[in-house]
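Here's a quick tour of the aromatic side chains in this model. Have the rings on display as you read.

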Amino acid sequence: MDNFREEVAVKRNRAFNNIAYFLSWVFLILVGFIGLINLSALMAGQFSIPTIVYTLVAAGLCFLIWRNKDEFRTEYEYTFTNGDLDVAKVMANSRRKLMTILNMKNVDACGPVDHQSFNLYLSMKDVKKHNWFLNREAKLYYFFFTKNSVKHLIVVELSDEMIKMCRQYLNYGIWQGEN
């Protein structure tokens, strides 16, 4: 029988993110309109350095706003399948980026973030830290592992059921915290 569980972490208080998402669309339209006005001036033969600069700046801003607007609608998807924890970042329900695939046999230490062992791994040098959670007030867990000769420390917000499944596949002595 397979052990499978999938969870999605969503931001609980999304008022600021929704306002910022809406404002990014407003700025995208405004800056795009300004860019089109400058582009039409260039097409009409009014070549000047400020018009060219304004057009390029507007085009660049439009691209940056369009590319990053989905960051305000981010979710994390955690999938556990037979000892492998997959973490993916989903932006605006349209783009999905796989962050890591973590085999529980490769974990060197893990436990709740409020355990004293977390600070030990957090203060280590040459550790890549990844915060893949959205709610600071949620129950957070850390996983410390080495992948391709690089030490990683990830912090995720998992449910108690998923942590129970993860602990079944951990080596002895890896779990830090209460039983």
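Let's start with tyrosine 121, which is buried at a relative accessible area of 14%. Tyrosine 142 is buried too, with a value of 0%. (Buried means under 20% relative accessible area, exposed over 50%, and partly exposed in between, using a 1.4 Å probe and protein chains only.)

The centres of these two rings, tyrosine 121 and tyrosine 142, sit 5.9 Å apart with planes at 40°, so they make a tilted pair. For the record, rings of Phe, Tyr and Trp (its six-membered ring) pair if their centres lie within 6.5 Å; planes under 30 degrees apart are stacked, over 60 edge-to-face, and the rest tilted. Tyrosine 121 is in helix H3 and tyrosine 142 in strand E7, 21 residues apart, so to speak a link between distant parts of the chain. Helices (H or I, at least four residues) and strands (E, at least two) are DSSP runs, numbered from the N terminus.

How many aromatic pairs does a search of the whole structure find? It turns up 6. One aromatic cluster is formed by Phe118, Tyr121, Tyr142 and Phe144.

## A charge over a ring

Arginine 73 lies over the face of tyrosine 21, 4.0 Å from the ring centre. The cut-offs here: NZ of Lys or CZ of Arg within 6 Å of the ring centre and within 35 degrees of the ring normal.

## About the model

This is a predicted model, where local features need pLDDT of at least 70, side-chain atom pairs count only at pLDDT 80 or more, and totals for chains, interfaces and linings use all residues. Residues are numbered from 1 along each chain as its sequence is written, and side-chain values use heavy atoms, with hydrogens and water left out.
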